[in-house]
Amino acid sequence: MKTPIYMDNHATTPIDPRVLEAMMPYLTTAFGNAASRNHLYGWEAEAAVDEARQKVAELLGCSAGEIVFTSGATESDNLAIMGAARHYRERGNHVVTCATEHKAVLDSCAELEREGFEVTVLAPDAYGQISPEQVAGALTERTILVTLMLANNEIGTVHRLGEIAAVCRPRGVVVHTDAVQGVGKVPFDVESFGVDLASITAHKIYGPKGCGALYVRGKSPRVRLSPLIHGGGHERGLRSGTLNVPGIVGLGKACELAKAELPEESKRLRRLRNRLHEGIVSRIDGVRLNGYPLPSIDAEGNLEGPEWRLPGNLNVSFGGVEGEALITGIRDVAVSSGAACTSASIEPSHVQKAIGVPDELAYSAIRFGLGRFNTEAEVDYTIGEVVRAVCELRTAGADPTDRRPGAIRAADPPQSG
Ligand SMILES: *Cc1c(COP(=O)(O)O)cnc(C)c1O
């Protein structure tokens, strides 16, 4: 087993070797510009982009003409939110989102506020969900856009997106979803969920960094956007700039693999994730699960009820230990604190705050992101590391006179594993 074990797959994923293999020719011999119309180099690049576009469309359940390639999900979110709001400004100036969104969404909404839009930021429940009724209650005559992520990147909560979109669309409100963490991990397609705009990125689904896509609904209704980047008119004028052909090929291959492997892979990840949780809570106390309760599953990993949490996500806090110390303590496992994207700040993450995790526990939140290349042996090793580190830190900080439940005290030593 190679250490450090990578268990931070919400932050990024390694490139699948099959993805790299598909990309290689376009980094070497087939280097053409997909917009070159006069020679073979251009044609082969264009053909590769067309094929990739088709594969992305198949994963999202749309047609190829509805895909716009971008530099990643940050750009896709910016284009969707600012592009739609600016285009539909005549209709209204109100946008609805949720407090647990990624910064790419929250900061795009903040930019809209500076431009005079009004933004309602809905507060989630203790599991990180918002209800269709909450969204319905927030809509006004002036609402033009609702932006709500498919699944959260810290606590893994999956939104009731289909039900929420059903509230919005009859009222002519455009629905955008940041689908980055959910796509390829939980069932999703733009038709049955009824969304108009969806952001994805290659590097969260075992593709390369710096390449993403935005789904833009082409009919019933056709959704229009004001572009952010102006130039040669690539991507139907929505995103000018020479196409990143190798990146796009990688994104296409990553989408194809994600679609083909989702049913089996989600079962495998559920089993590993539940094993990791069980292994930790059976050996130490004072562990808090942040986000939605884990689904019950059978021995194969099949669901025995609904699933509102990403199969590979576990987010837990440990009473009486400090998060940074713990992450340093489990040095052979690469994980992150809840505050992954803003790890420079010492504040607990905005997501933990939004779901009401008490400060002292929010600081000790650890996000485990299990992915395609994690094994059962790695999970068992991780359990041992976490239990050891928590015990050591609790012993170091233990106050033997403190009798509060789950407080700073040494835990029982690990039994095995
Ligand atoms: C990673 C992530 C992004 C940003 O994607 P990039 O391609 O890195 O810009 C946006 N939203 C969510 C939910 C993410 O997890």
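Helix 6 (161-168) and helix 8 each contribute at least two residues to the lining of the largest pocket; helices here are DSSP runs of H or I with at least four residues, strands are runs of E with at least two, and both are numbered from the N terminus. The model is predicted, so that local features need pLDDT of at least 70 and side-chain atom pairs count only at pLDDT 80 or more, whereas totals for chains, interfaces and linings use all residues. Residues are numbered from 1 along each chain as its sequence is written, and side-chain values use heavy atoms, with hydrogens and water left out.

The largest pocket holds about 250 Å³ of space. On a 1 Å grid over the protein atoms alone, a pocket is an open set of points with protein on both sides within 12 Å along at least five of seven lines, a cavity is a set where a 1.4 Å probe fits but cannot get out, and lining residues have an atom within 4 Å of a point. Points are joined across faces, edges and corners, and a volume is the space filled by probe spheres set on them. Of the 18 residues that line the largest pocket, Val158, Val186, Pro187, Phe193 and Glu307 lie nearest its centre. Because domain 1 (5-10 + 262-397) and domain 2 (17-257) both give residues to this lining, the largest pocket lies between them; the domain bounds come from an automatic or database assignment.

Three cavities of 30 Å³ or more are present, and the largest cavity has a volume of about 230 Å³. Its lining comprises 21 residues, with Gly184, Lys185, Tyr206, Leu269 and Leu370 nearest the centre. Helix 8 (residues 245-281) provides the largest share of this lining, six residues. The largest cavity also lies between domain 1 and domain 2, since both give residues to its lining.

Tyr206 also takes part in an aromatic pair with Phe373, which is edge-to-face, at 5.7 Å centre to centre and 85° between the planes (ring centres within 6.5 Å; planes under 30 degrees apart are stacked, over 60 edge-to-face and the rest tilted; for Trp the six-membered ring is used). Tyr206 lies in the loop between strand 7 (197-201) and strand 8 (212-216), and Phe373 in the loop between strand 13 (366-369) and helix 12 (376-397), so the pair ties together parts that are 167 residues apart in sequence. Tyr206 is buried at 6% relative accessibility, whereas Phe373 is partly exposed at 39% (buried under 20%, exposed over 50%, partly exposed in between; 1.4 Å probe, protein chains only).
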